Amino acid sequence: MAPKCYQVGLLFSTSGPYSVVAQSMLNGALLALEQVNAEPEAGVRLEPVMGDPGGANAEYARLAREMLNDGIRHVVGCYTSSSRKEVIPFFEKHDALLWYPSHYEGFEASANVVYTGAAPNQHILPLTRYLVEEYGKHAFCVGSNYIWAWENNRILRETLLANGGEVIAERYLPVGETDFDPLIEKIVDARPSFVFNTLIGTSAYHFFRTFRAACQKRGIDQAREIPVASCSLSEPELEEIGPDAVDGHLSSSVYFSTIDSAANARFIEAYRARFPAGPTMSADAEATFIAVRLLSDALRSAGSDAIDPVREAVGGAAITAPQGRVSIDRDSRHACLTPRIGRSNGQARFDIILESSRPVRPDPYLIESAPRYTLVARRPNLRIVS
């Protein structure tokens with residue numbers, strides 16, 4: 001019997017201020033899609049329909065609307081939370097599914113979204129606990145001016161306050177901003193325990209380089225004395241930062257390319273063979289790969305691309321992913337993922353320093369902690385790796 005063919009939208013900004021990460025996400029989607037199409041047992045064939053919004057929210061809305069008007073019922077895409085928020089109303093209107101493959105700030109659950117990236121209890125809470133225990137309780141927050149930074153900084157601030165700490169300052173800049181000299185002077189003068197970075201794309205890369213250079217001029221060992229911690233920094237972005245400032249940065253993620261497993265080795269080999277020009281695989285590329293694999297499994301199980309049976313099929317579904325076992329929580333349609341913390345090295349990769357012993361159930365509204373943000377409340381049980 002011939003496999004059933006379904007169109008799948010792929011909505012990634014492969015141009016614009018965060019194109020490097022978005023290209024790795026598109027690569028992850030295409031790799032999974034091509035694998036599915038090459039597997040007779042998959043029972044489905046996926047036909048990609050691609051759109052590049054260029055990082056503009058209005059373009060996300062236009063392209064999503066066009067895809068849905070053309071009858072596409074499943075779209076894998078979006079990197080920023082602002083783009084996700086922009087398109088969700090169209091998916092709810094058309095009763096279609098957005099497969100969202102990026103870490104995010106939480107406080108959302110839509111019947112028309114499947115979330116395969118990390119929720120806040122899977123990245124920001126483990127990172128905050130580590131920072132407080134290893135570096136101190138005084139943070140300086142720097143972010144791009146949109147919901148991802150606002151909400152992550154709010155979570156960090158409330159967590160620190162609940163544990164006797166403080167946010168010294170919060171500063172937000174437009175996406176794509178690269179003039180950081182006045183801000184960096186304020187950070188160095190404040191001497192926080194750490195900088196919490198929610199800048200994205202070219203803004204982040206410029207910040208890391210400029211901050212390292214400014215600290216060196218003052219004789220400050222930046223990586224040790226004022227570390228920069230992120231919940232979004234990935235391998236292709238380390239390569240964009242460049243060798244002079246690439247090492248010593250902390251990142252909380254559910255996937256690093258240095259994970260030692262057979263599944264990850266297969267993923268890396270296949271990714272490099274298919275995309276030798278890069279960009280390097282990332283947590284977002286892996287989350288996109290997972291989204292397409294789960295979508296194909298759900299389509300096969302449902303026997304059609306109708307939303308209700310696909311939504312039912314994906315609830316509780318599980319796969320062996322490059323990061324380990326990943327399953328979808330029936331209640332929230334978020335993924336159960338394995339938290340990890342890495343420190344960047346001179347080879348533009350991450351040394352994994354902490355990891356959970358098993359996948360952690362998503363808690364997008366942070367309601368399972370009592371009191372809500374106390375670090376001794378329910379949390380991933382991370383073990384020291386190195």
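**Cavities and a helix: a quick chat**

Reader: Which element gives the most to the lining of the largest cavity?
Author: Keep in mind that this is a predicted model. Two elements give two or more residues to that lining, β10 (250-253) and α11 (283-302). The one that gives the most, with 4 residues, is α11.

Reader: How many cavities of 30 Å³ or more are there, and what volume does the largest have?
Author: Rolling a probe the size of a water molecule over the atoms shows where empty space is left. Searching the whole structure turns up 3 cavities of 30 Å³ or more.

Reader: How do the lining residues of the largest cavity divide into nonpolar, polar and charged?
Author: The lining is made of 22 residues, and H103, S253, V254, A283 and D284 are the ones nearest the cavity's centre. Sorted by type, the lining comes to 9 nonpolar, 10 polar and 3 charged.

Reader: Let's switch to α6. Where around the helix do its buried residues sit?
Author: Helix α6 runs over residues 181-190, and its buried residues are L183, I184, I187 and V188. They span an arc of only 135° around the axis, so they all end up on the same side of α6.

Reader: What covers those buried residues of α6?
Author: Remember that we're talking about L183, I184, I187 and V188. Their cover includes the strands β6 (138-144), β7 (166-173) and β8 (194-198), along with the helix α7 (201-217).

Reader: And which residue just after α6 takes a positive phi?
Author: Helix α6 covers residues 181-190. Just after α6 comes a residue with a positive phi of about 45°, and that's R191.

Methods. Residues numbered from 1 in each chain as written. Predicted model: local features only at pLDDT ≥ 70, side-chain atom pairs only at ≥ 80, totals over all residues. Heavy atoms only, no water. Buried < 20%, exposed > 50% of the residue type's maximum accessible area, 1.4 Å probe, protein only. Arc of directions from axis to C-beta. Contact = heavy atoms within 4.5 Å. 1 Å grid on protein atoms, 1.4 Å probe; cavity = no way out; pocket = protein on both sides within 12 Å on 5 of 7 lines; lining within 4 Å. Points joined across faces, edges and corners; volume = space filled by probe spheres on them. Nonpolar A, V, L, I, M, F, W, Y, C, P; charged D, E, K, R; others polar.
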